[in-house]
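Biologist: Hey, I've got this one open and I'm new to it. Can you walk me through it?

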Amino acid sequence: MLFHSLEFLLFFIFTFVLYIFLNHKWQNRLLLVASLIFYGFWDWRFLFLIFFSTSIDYFLGSKIYSAPNAKTKKSYLVTSIVMNLGVLGFFKYFNFFVDSFIDGANLLGLNFNPALPKIILPVGISFYTFQAMSYTIDIYRGQLKPKSFFDFALFVSFFPKLIAGPIERASHLLPQIINPRVLKLNEFYEGCHLFFWGLFEKLFIANSLVQIADSVFDQYESYDGLAILAGLYAFAFQIFADFDAYSNMARGIGKTMGFDLMINFNLPYFATNPVDFWRRWHISLSTWLRDYLYIPLGGNRLSKWKTYRNLMLTMILGGFWHGANWTFVFWGAYHGLLLVIYRAFTAIRKPLEDPNRWYFLRVIFFFHVVTLGWLLFRAESLLQAKGMLYKLIFDFHIHGQGELLLKTIFIILPLFIVQIMQYKTKDLLIIFHQHWLVKTLAYSFLTYLILGWGILKVEEFIYFQF
Amino acid sequence: MKKFLRIIIRILIFVISLEIYLNCGGLVLTLIRDYKNTRNATDGQIRIICIGDSTTYYNNENDYPNQLQTMLDQVNSGKKFRVINKGIPGAKSLDVVQHLEQWLDEGHADVAVIMIGRHDPRSDFIPLPWWYAWGTKMKTAGLLNKLFHSSQDYVLEKYNKFFESSAKFFADRGDVHELKIKADPEKNVIFPATSPEDTKLILQAKFLIEEKKFEQAQEILKYLDTKTYANKSFELKIEDMLGEVEYKKKVGWYVAAPYEEYMEYVRLSSAAIYDERSIWNRIHARWCNDEYIEDVEQQLLQLYAKAEDKNKEFIVDFLKTCFDKVGRQNKIIYYYDLVEKIYNKGINPVTQENYKKIIEILQKKNIKMIFMQYPTVDAEELEEILIPISENKSFILIDNKKIFKELLKNNSYKVYFSDDYGGHCTALGNKLIAQDLAKQILKIYN
């Protein structure tokens, strides 16, 4: 069930109407049932998996809490991590490793062709596995006490964020589940606004850009440098709009029911350096990696080289999290390298006197650096990334195939204007906080863009595959 | 109360501004297109101006002027062609008359391709109530309508399994007859012949359902249901209609059949627009032979006397094609005339008059004329009108319907048309139009 489908509309209206008439205890039960229906709608077999993950993690969480000594605690934690990563690894990376193994064996001259099982990737597995892991790790660290099983199950499967995040922390979302929630009319409106804005980002921006990006990436041989640049821009904004749309919709749905899910994107393309970028892009994943991978590895408290190693390792694994493909690994390595270079660079140069000097130039420069990373991310193979890069540089004519670039600019223009407003006022809900007349005109304009120009096909979000 | 008023005002502002945006959007698109048209205008080009309504306009790479341009570019004729799209959605022939000279001058046109007339008022035009006319003109309403239909399609497509199984569930409980219709693959028709008497009755039941007289329809169908028929699928059809009545009485809406069958209906009925106008005609054409025809005519004329206008048209059209099959010329002409009287389709005096003016202007400016008829309309009539008004038959007439009709014998309507009613073509449909046009243009210049 996708957020922008008819089914979800009916599902949500039904759930919401029941929700407002129930007391807190029954609200939670309703949400759990609704979440399971929501997930089972994709494939009912996935429910077994989520039930398995949830119950094991819950069991291990309690065990860690009640364990008599540190050693037992640790062994339970290791079991939990191995189990979670094992499930994730099996469903997501099994084929990748086997394929890579076969490729390696074939390279060595061994003719090796075993029959492989066909494994389907359960949607959202990367997201809820990480959330369940944060629960056991937080208990191990003594930051959290075990809660009731149903509360924990709802935390893992809460339907707005189940499929593609934000990757919530137990310490942030669990209290909201356990304590009674207050429904406020203004929050409801705010939720509706977020959902609508997400709908716009998905149906108009992302769905229109996907056509440009796909055609450029799929047949890059037939385009020149200018068109490839358009394709790269299109993909950079497509992936942002697509993912931000989902996060906004999730937050919006949460808001209407009195939940506050975390902000996942804070104007990422306004970043001027890699550290800034990862504070703004997919915040819930980057902070997760920081807290549960980078810092346990030693963070930046050890020697210079160990810090660099930790950065690289964290980013490579972060890239690998996105999927079993070498391009993701290289994308992660690319960002790791950026962080390392930036760190080495800031260590030797003096800080700028005026931090806002040449701000927009720096933004534009860094946006292009990030976009180069998206080339690695989107390309089907490294060969394709190389070919496109070659075309981009050596087949670039300013009077080339400019139509795609114009189209791309036309599509991202509304998003661009709103983001500049959001940046200037430091208010992500800038449209919502306008005068009612302006707001009405804006909503109607966005509706016009969605219905008149958007692609209303119910297409999946990019991040579902991760 | 104040709050309520504020909500109303907001909704009003929302709708009005949406309407304004929609209109401005169209304007901007047309301006962009015109800009593109004037760009790259060089000497020595042969400039072809395509005039028409939304079927010409379309505004993407798949419209027929664009495809024509691509085709002409690919041909190595030693000449340079430039196609200019001047389609305006909803344009009437009068609009063309008013703007033609201006367009020709601006575009420096050498050839004019014209496909117009669909939006001209019919001579039996009855003014709609103002609010209704206003509503149909509103783009927002059109948008909502489109949205509604596409969501309907979405549900039908996605949940046909569910409808199927629920229908079965009801059928098992005996509440509603099973809805599934079995097609007869051997004969490739859904309904077999019975007798003219039954034809009349089942048609009558169909009309009664349309008029929401469910009790009476049910009575007829129950009577038909008591008989046994040589072919099982006719029985199933009756049961299906019984189910339909039952459903419509209870819930007000009805899904006729599982999706595949539903699409088969669409395919047959759409293709039949060409041959027999509707699936019913296709089915009942089985009675159109010397043995039954007199009887069928008699039965249907009885029905005709009592039918509503809409159904009258249907019956007469059916009889027309029926006699066409048997080949009784006098009867055919009689029913053709009758159809004209009821439906008044074809080219009306207004269009005729405007064509005259269009030809005058084109002849005065010495521009080569290519007229096209819509792929859903017969071209003969247009030809009859054009021959007397153009003095020396100095025009080319392209009969799109002939080409489409031939292809529709083997392919689904949806392959060539993007909608059921408007005659707007898909990319492939437009390609067919462009292909024929390209041939004609190359013939002129080679």
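**Confidence first**

Modeller: Chain B has an average pLDDT of 71, and 64% of its residues score at least 70; pLDDT is the predictor's confidence in each residue, from 0 to 100. This is a predicted model, where local features need pLDDT of at least 70, side-chain atom pairs count only at pLDDT 80 or more, and totals for chains, interfaces and linings use all residues. Residues are numbered from 1 along each chain as its sequence is written, while chains are lettered from A and ligands numbered from 1 in the order in which they are written.

Biologist: What about the complex, what ipTM does the predictor give?

Modeller: The ipTM is 0.77, and the pTM is 0.71.

Biologist: New topic: how many residues are in the largest nonpolar core?

Modeller: That core has 115 residues, and A:Val216 and A:Phe237 have the most contacts inside it. Such a core is a set of buried Ala, Val, Leu, Ile, Met, Phe, Trp, Tyr and Cys residues joined through C-beta atoms within 7 Å. Buried means 20 or more other C-beta atoms within 10 Å of a residue's own, exposed means 12 or fewer, and partly exposed is in between, with C-beta atoms placed from the backbone.

Biologist: Which helix gives the most to this core?

Modeller: Helix H10 (residues 225-256) of chain A, with 20 residues.

Biologist: What does A:Val216 touch?

Modeller: Leaving out residues up to four places away in sequence, its partners include A:Tyr223, A:Ala227 and A:Leu404.

Biologist: Is A:Phe196 buried or partly exposed?

Modeller: Partly exposed, because 19 other C-beta atoms lie within 10 Å. A:Phe196 sits in helix H9 (residues 185-218) of chain A. A:Phe196 and A:Gly252 are 56 residues apart in sequence, yet 8.4 Å apart in space, C-alpha to C-alpha.

Biologist: Last one: what do the buried residues of H13(A) pack against?

Modeller: Helix H12 (283-294) and helix H14 (326-348) of chain A. Those buried residues include A:Asn310, A:Leu311 and A:Met315. After H13(A) comes A:Gly323, with a positive phi near 160°.

Definitions and conventions:
Helix = DSSP H or I, 4+ residues; strand = E, 2+ residues; numbered from the N terminus. Contact = placed C-beta atoms within 7 Å.
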